[in-house]
Amino acid sequence: MSLKDKVAVVGLGMTYVARGEDAGLAVGDLAILAAEAALNEAGLGHKDLENFAWASGAGDPGGMAATMGVPEVMFAANLTSGPGGGAGALGLAASSIVGGFGDVCLSIITAQTAPKRPTGTSSVFRANPVAGGGAYGGPTGPQPEEAFVAPASISSQGATTAMIANRYLHEHGVPREHLGAVVVSQRANAGDALTLEEYLRSPLIVGPLSALDCTPDLEGGFAAAVITTTVERARDLAQPPIIITAAATGGTPSHATAFQMPSDTFGSSGHRAVAADLYAMAGMGPDDIDVALLYDDFSPMVLMQLEDYGFCGAGEAGAFVAGGNTSVRGGKIPVNTHGGNLSSAYVRGITHVFEAVQQLRGTATNQVDGAQFALVTGSPATIPLSAVILRKA
Amino acid sequence: MTTTEPAAKPFKNMPPPPPSFLGSLVDERTQPFWDAAKREQLVAPKCSNCGTFRMPPSRFCTNCLSMDLEYEPLPGTGTVFTFIIVRHPLNPRAADFVPFMPAAIDADGAPGMRFISNVVECEPEDVKIGMKVKVVWNHVSDTLTLPFWAPA
């Protein structure tokens, strides 16, 4: 038994307020406004909601249900661990519906600028869960294990990713120009004409990464909502249903450890096991995917996911991207057709879910002709890692 | 050794000094490592039951879930598995220390685990994955001596 083809995405809603223009709205308020927009788009109301399933970092699902005046909550859960992304939330939502808890599910993702954070920062500065105590921090503060990791001063997500990326680049002889190809290709999809020369002039912050390899931080508050329900019920709603073909959530735990991963998976996104589970549930492979929305907190993670999801052989993704194969304009497998978070801001990959749904509805700004199947992946950081395959009904 | 301030930068291209609480961040599991470090002897945490090395020395062995731990003396040589060059002070505390080079080191005699430390005594441009390194010691305080790695 699996959730294959049993649940559909039926509504999307998004709210954003620029910093300083929030009119007193907290991020939890933005989440409710996003939920209302998604319900409206679906042709549903807030009293139809039964299940609440999201990735971590968007507050308490049950608490929000109570605030919204939902008559009865039939399921309320968060995926654990890091940003996870929208893909994981959809897998959890589908599980709750197929599990029979309730038929209509809300998933929320939020992001917000830290109130005191200076403007113009990027993902390279985000605190590192390894060195910052997240991985080993216990109820009473930092644990003795941390003394073996913290002195190295690998003090940000960017630095952690750079450790993995440098190994990947070394193993396969991939030049920095190929990281640049990811950035340039996604900027081009977003309509921004960044050249490779401009990319290469951007100074290294944490070598091999420059600021352009990292996502700009959001300058404000953001919330996104996705409504899912059974395929049967979806047929009567306002939008063409987009079906969740398969979902996977998990990964190999060693990838979350402090640089102790086995050598053969160290220079990877950690998604290899998730990809295998996902394709097995879907009964398909990378050749069946028409558009891929790959979580892009940092440019090297796009290359490594292209390989871990089987679009390229090991070490081949850089040349693949540089050769135009991921472009929305005629590429073999268009990737991050909306430009990704690298071209906009760090919003935990939820815009990837929105773009996938819009591609399959046929309403995307950069429409891939005849897109039938879309892959959406979540954060390649600490487990659980997540991914979904969506399809047109 | 006394409690007087150590030289701020005994080695070239060191990372910023660790937070002051680190010297007291020990328990019975980790004390032998820091005692050996004070004597400038590199040791590696290893499961007493099945022999699997584990870094950091967490409570349970990931291979057999034993809680028994011992420390194996190592020759103090190794290879750079991966590294980065921190050129921008992500933290204001690091401003006087960039560039520095965090690294994961495969230590000879301790397969299956890596030391997370820094390459020092070296220009950033000269650090390479696969280069041979040897341990050098930074006596930070009476209770804390940190291993770094310099070109062998």
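Buried means 20 or more other C-beta atoms within 10 Å of a residue's own, exposed means 12 or fewer, and partly exposed lies in between, with C-beta atoms placed from the backbone.

The model is predicted, so local features need pLDDT of at least 70, side-chain atom pairs count only at pLDDT 80 or more, and totals for chains, interfaces and linings use all residues. Residues are numbered from 1 along each chain as its sequence is written, and chains are lettered from A and ligands numbered from 1 in the order in which they are written.

**Core.** I found 163 residues in the largest nonpolar core; A225(A), I244(A) and L390(A) touch the most other members. Helix α1 (residues 27-42) of chain A gives the most to this core, 8 residues. I then listed contacts (C-beta atoms, placed from the backbone, within 7 Å). Beyond four places in sequence, those of I244(A) include L3(A), L90(A), V388(A) and L390(A).

**Loop residue.** H88(B) sits in the loop between β4 (85-86) and β5 (101-107) of chain B. Is H88(B) buried or partly exposed? H88(B) is partly exposed, because 19 other C-beta atoms lie within 10 Å. Outside four places in sequence, H88(B) touches I205(A) and V98(B).

**Helix pair.** In α4(A), T161(A), A165(A) and Y168(A) meet P300(A), M301(A) and M304(A) of α10(A).

Technical notes. Core = buried A, V, L, I, M, F, W, Y, C linked by C-beta atoms within 7 Å. Helix = DSSP H or I, 4+ residues; strand = E, 2+ residues; numbered from the N terminus. Contact = placed C-beta atoms within 7 Å.
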